[in-house]
Amino acid sequence: MDLTPYVDNLRQELAVAADAGGDDARALAERLTAPLESATRLTLLNALSAAMGEVTRELAPGSVDVRLRGLDPEFVVTAPPAPEPVREEREPVAVPAPPPPPADADDGAMARINFRLPAHLKVRAEEAATAEGLSVNAWLVRAVSTALDGGQRAAPTGRGKPSGGRSFTGWVR
């Protein structure tokens, strides 16, 4: 955007006002023209920046920025992202789950995973494991196995509480 016409208009208005005041006023106007030109450009740039700030608020998430190229401002428009096309939702195709491995197919191989639970679920899992006399790990293995086997509960591992009601925890050498 070229600000020159606006600055020239101010210069002409100042000259007309100075002519009414005589030779001294005309000389003063000529001396003030250069500093007033830069002040006018800065004031117009500030006004444009404020206006584009308001446009940006209305255009969000798009934006309009004012950049200075030489003596003239330049507008940079960033359009908001185009809305995604509406997709028809199709019914999910049910993929049959693979049959569970036979119960005696346990080869003893173990795999380690990191599993992070929200604190409130961790507390509930610990309480459920304690109520069944299992470690949290054993309880989670059983829960995952039950979920994957279609809701059928896996056979107990024999690691529950002894029939005497007493249990021991720890390491033995």
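The protein chain contains four helices and two strands, where helices (H or I, at least four residues) and strands (E, at least two) are DSSP runs numbered from the N terminus. Along the sequence the pattern reads α-α-β-β-α-α. This is a predicted model, in which local features need pLDDT of at least 70, side-chain atom pairs count only at pLDDT 80 or more, and totals for chains, interfaces and linings use all residues. Residues are numbered from 1 along each chain as its sequence is written, and side-chain values use heavy atoms, with hydrogens and water left out.

Of the 173 residues in the protein chain, 12% are buried (under 20% relative accessible area; exposed is over 50%, partly exposed in between; 1.4 Å probe, protein chains only).

The structure holds one cavity of 30 Å³ or more. A cavity is a set of points on a 1 Å grid over the protein atoms alone where a 1.4 Å probe fits but cannot get out, and lining residues have an atom within 4 Å of a point. The volume is the space filled by probe spheres set on the points, which are joined across faces, edges and corners.

| Property of the largest cavity | Value |
|---|---|
| Volume | about 50 Å³ |
| Lining residues | Val 7, Leu 10, Arg 11, Leu 14, Thr 33, Leu 36 and Glu 37 |
| Elements giving two or more lining residues | helix H1 (4-21) and helix H2 (23-59) |

H1 gives the most to this lining, with four residues.

Met 1 lies in the segment before H1 and is partly exposed, with a relative accessible area of 42%.

Note on methods. 1 Å grid on protein atoms, 1.4 Å probe; cavity = no way out; pocket = protein on both sides within 12 Å on 5 of 7 lines; lining within 4 Å.
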